[in-house]
Amino acid sequence: MVFSCGSRASMESRLLPLAMTRSHAVLPSQVYWNSILPNTPKPKAIRDVLWPGGHKGKHEYVGVGATAVSSPFSYDYAATEDQLHVDPAVALFFLEKDMLPGKKMNLHFIKNSNDATFSPQSEHQIIFSSKNLPDILNHFSVKPESLEAQIIKNTITRCEAPAIKGEEKYCATSLESMIDFSISKLGTKVQAISTEVEKETQKQEYTIGVGVKKMAGDESVACHKENYPYAVFYCHVTQTTRAYMVPLVGADGTTAKAVAVCHIDTSEWNPMHLAFQVLKVKPGTVPICHFLPEDHIIWVPKEISA
């Protein structure tokens, strides 16, 4: 089991305050992106978590806007009976054999209600650690017995938990650390992609269109946005995944370009994982896929031109 801290761990695994003044200067994270990944477009999920330029003022932390439940994108996650009926992620899991043009699926693409962005690294820092939870809660004026405190604690605990066999994980608290972790696993010839939906809709029937595209390689780094006062992404990599871009059309005409990740070996997953309960299959028997929510990111190797 490996819990990777990445090459910038001493800087990146720290908690940065949300309340700060923004400037017109070019963001260091954008400079870093351009230097490491030149001529590589940023997907919407990354653009959304960067500090927007040209706006001056302060943002105060008022809540992380989520419930204190585990993430279904963690392999050790065990779903409760209640979550099988209320968790929106239920609609995102499917079998790889069903990813065919014309296939209809009932889907609900949602964004995490926590719209936190990455905080600049140059600001005051508090160590991102469960040992410093009292200081973290005090910094954000969160009462220890509150739901917000439990959510913050859950995120830190999930980041500090050991990885399952065959998985490497890292919680990125900045774009720079996310880039570093991804290229340390996949090399520098990488690209980041995310799901993009034309407009927000309720759960509805979507039809898979023509043009399902398998991304290069059978290894990827998936980064799932966590609930926290500033942007934190739970990134993990396994060597038994396939990633696809899937065109979808909703019953109301809404179009989407969805990222699907298929896990070939699920033998080490929690037997009570949401996916097994929804799809009625057992660990390690068939490839299990899921669409990524709009605010999650996956890194894959770039295709090599002939």
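Buried is used here for residues with under 20% relative accessible area and exposed for those over 50%, with partly exposed in between, using a 1.4 Å probe and the protein chains only. The model is predicted, with local features needing pLDDT of at least 70 and side-chain atom pairs counting only at pLDDT 80 or more, while totals for chains, interfaces and linings use all residues. Residues are numbered from 1 along each chain as its sequence is written, and side-chain values use heavy atoms, with hydrogens and water left out.

**View 1. The two faces of strand β4.** Strands (E, at least two residues) and helices (H or I, at least four) are DSSP runs numbered from the N terminus. In β4, which covers residues 104–107, M105 and L107 lie on the covered face, whereas K104 and N106 lie on the uncovered one. In a regular strand the side chains alternate between the two faces of the sheet.

**View 2. The pairing of β4 with β9.** Two strands pair if DSSP finds at least two bridges between them. β4 pairs with β9 (residues 204–208) in the antiparallel sense, over four bridges, and L107 has Q204 in β9 as its bridge partner.

**View 3. The largest nonpolar core.** A nonpolar core is a set of buried Ala, Val, Leu, Ile, Met, Phe, Trp, Tyr and Cys residues joined through side-chain atoms within 4.5 Å. The largest one has 26 residues, and M178, F233, I297 and W299 have the most contacts inside it. Helix α7 gives the largest share of this core, six residues.

**View 4. The surroundings of M178.** With contact meaning heavy atoms within 4.5 Å, and leaving aside neighbours within four places in sequence, M178 touches F118, A172, C223, F233, C235, I297 and W299.
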